[in-house]
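Here are a few exercises to work through with the model open beside you. Try each task before reading its solution.

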Number of protein chains: 2
Amino acid sequence: MAPASPQLDLKEAQDRFIAIWGQMAGAWGISRTMAEVHALLFISGEGLNTDEVMERLQISRGNASMSLRALLDWGIVERAHKRGDRKEYFVAEQDVWAMFRAIVRERLKREVDPLVASLYEIKDQTGARSNTGARGSNEAERIELEKLDKRLDEMLSFFKTVEGMGTRFVSPTGRGLLAAASLLAKLTDSGDNARDRALASEERRQ
Amino acid sequence: MAPASPQLDLKEAQDRFIAIWGQMAGAWGISRTMAEVHALLFISGEGLNTDEVMERLQISRGNASMSLRALLDWGIVERAHKRGDRKEYFVAEQDVWAMFRAIVRERLKREVDPLVASLYEIKDQTGARSNTGARGSNEAERIELEKLDKRLDEMLSFFKTVEGMGTRFVSPTGRGLLAAASLLAKLTDSGDNARDRALASEERRQ
DNA sequence: ACTATCTTTCAGAAACTTCTGAAAGAACAC
DNA sequence: GTGTTCTTTCAGAAGTTTCTGAAAGATAGT
């Protein structure tokens, strides 16, 4: 009578989810605990206060406080209040796509933007143009500098494309990403004129 | 006479690039040194051997060896040999888009695939169906289990879409990503019938 | 203004990751 | 088969990140 795959009760299932979400932390560029706190809020679907989070995940008050704050900064968790209760409650964004948009927005800001800025800076300070400046710029070095400049350009054009895509996906209207995803899926399917059909149906949805 | 933005010579410019690429390491889910080794190989554009890497980045032999191996595993660096030289040389993928495809491919495999598998597993073991099993499944718990099941479904559909997009981008033909990126840029531009023009020009390019 | 309740901060502790360098392991030449 | 050259491995050292818990800081009720 023992079932082939052991049945989990609610708490066990939630714990499993929290654990695997915690393992993904690295992928999102956040700490494990922060991901676990987010997972807990997401999967319970209701607002929890600091003590409930501490209790459920067995973490210290300081850790809970810092993790919750960081999640607020990322914009994927919001504060909430219950009347007649002075505690703060925290609620996770429930729409998975909205959550993903917030993450992309934040990572563009934190990672891609500074990178692009730095690449431009190097390009400026290298200047493959009429570079007959003070330093003994011999022929061999000039050629190498030009190659470097070319590589920087390729890199820049790549990241600017990424940033452009990202910004559109993340746009205030918010309809970009899901539509684009399914459109792309159809567009890149091989053969026939799937493209036309995909386009037409997308047009209609406007 | 001092220039407003100080000019960099080749080595200085490369070092700057290596440093900022190293800072991005976290974003790609690799260690700083590994990113620096990759940056060095990418920016010098030619094959370097272990000793050259050690010397240039001032790292130990063990570290160089391990980092190079990891880069090979990621598929963004290849082995090369020079005739009359027993040393191994390492060359970085020079096409930025190809490099990015390799990274996406690897991260899908390492992060998204296992996540999707785990989510399915939890769903299986929770089974919102005729769940009148051994455990005292009271009404309240059943309702909560159903909510959990719904959230898992949303998450799954999200990641399956991501994986679908990713797999297409990464496809053997390789033409997917750049085309899709520019197409999308046009498609999501506001107003008019940019969509038709984008589509037409993409069609032509086939 | 005092007290009770809740939140944030931060110095040091614990846990984890990355790096080193010496030793073992391959591959090749002779 | 021996010596030479290059590569990989791995135990412990160094460095980095994350966590704790107690103390300081807010906020609100009386």
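**Exercise 1.** Sort the residues of the surface near DNA strand C in this predicted model into nonpolar, polar and charged.

*Solution.* Start with the count: 18 residues lie around DNA strand C. Dividing them by type gives nine polar, seven charged and two nonpolar residues. Next, look for those that come nearest: they are Gly62(A), Glu88(A), Thr33(B), Gly62(B) and Asn63(B).

**Exercise 2.** Find which helix gives the most to the surface near DNA strand C.

*Solution.* First list the elements that each supply at least two residues: α5 (61-74) of chain A, and α3 (32-44) and α5 (61-74) of chain B.

**Exercise 3.** Locate the largest nonpolar core and trace which elements build it.

*Solution.* This core has 31 residues, and Val37(A), Ala39(A), Leu40(A) and Leu41(A) have the most contacts inside it. Chain A supplies at least two residues from each of α1 (10-23), α3 (32-44), α5 and β3 (88-92), while α6 (96-126) and α7 (139-169) of chain B each do likewise. The top contributor is α3(A), with eight residues. Now zoom in on Val37(A): leaving out residues up to four places away in sequence, Val37(A) touches Val53(A), Leu57(A), Ala64(A), Ser67(A), Leu68(A) and Leu71(A). Finally, a second, separate core of 30 residues includes Leu148(A), Ile30(B), Leu40(B) and Leu48(B).

Notes:
Residues are numbered from 1 along each chain as its sequence is written. Chains are lettered from A and ligands numbered from 1 in the order in which they are written. This is a predicted model: local features need pLDDT of at least 70, side-chain atom pairs count only at pLDDT 80 or more; totals for chains, interfaces and linings use all residues. A residue is near a molecule or strand if its C-beta atom, placed from the backbone, lies within 6 Å of it. Helices (H or I, at least four residues) and strands (E, at least two) are DSSP runs, numbered from the N terminus. Ala, Val, Leu, Ile, Met, Phe, Trp, Tyr, Cys and Pro count as nonpolar, Asp, Glu, Lys and Arg as charged, and the others, Gly among them, as polar. A nonpolar core is a set of buried Ala, Val, Leu, Ile, Met, Phe, Trp, Tyr and Cys residues joined through C-beta atoms within 7 Å. A residue is buried if 20 or more other C-beta atoms lie within 10 Å of its own, exposed if 12 or fewer, and partly exposed in between; C-beta atoms are placed from the backbone. Two residues are in contact if their C-beta atoms, placed from the backbone, lie within 7 Å.
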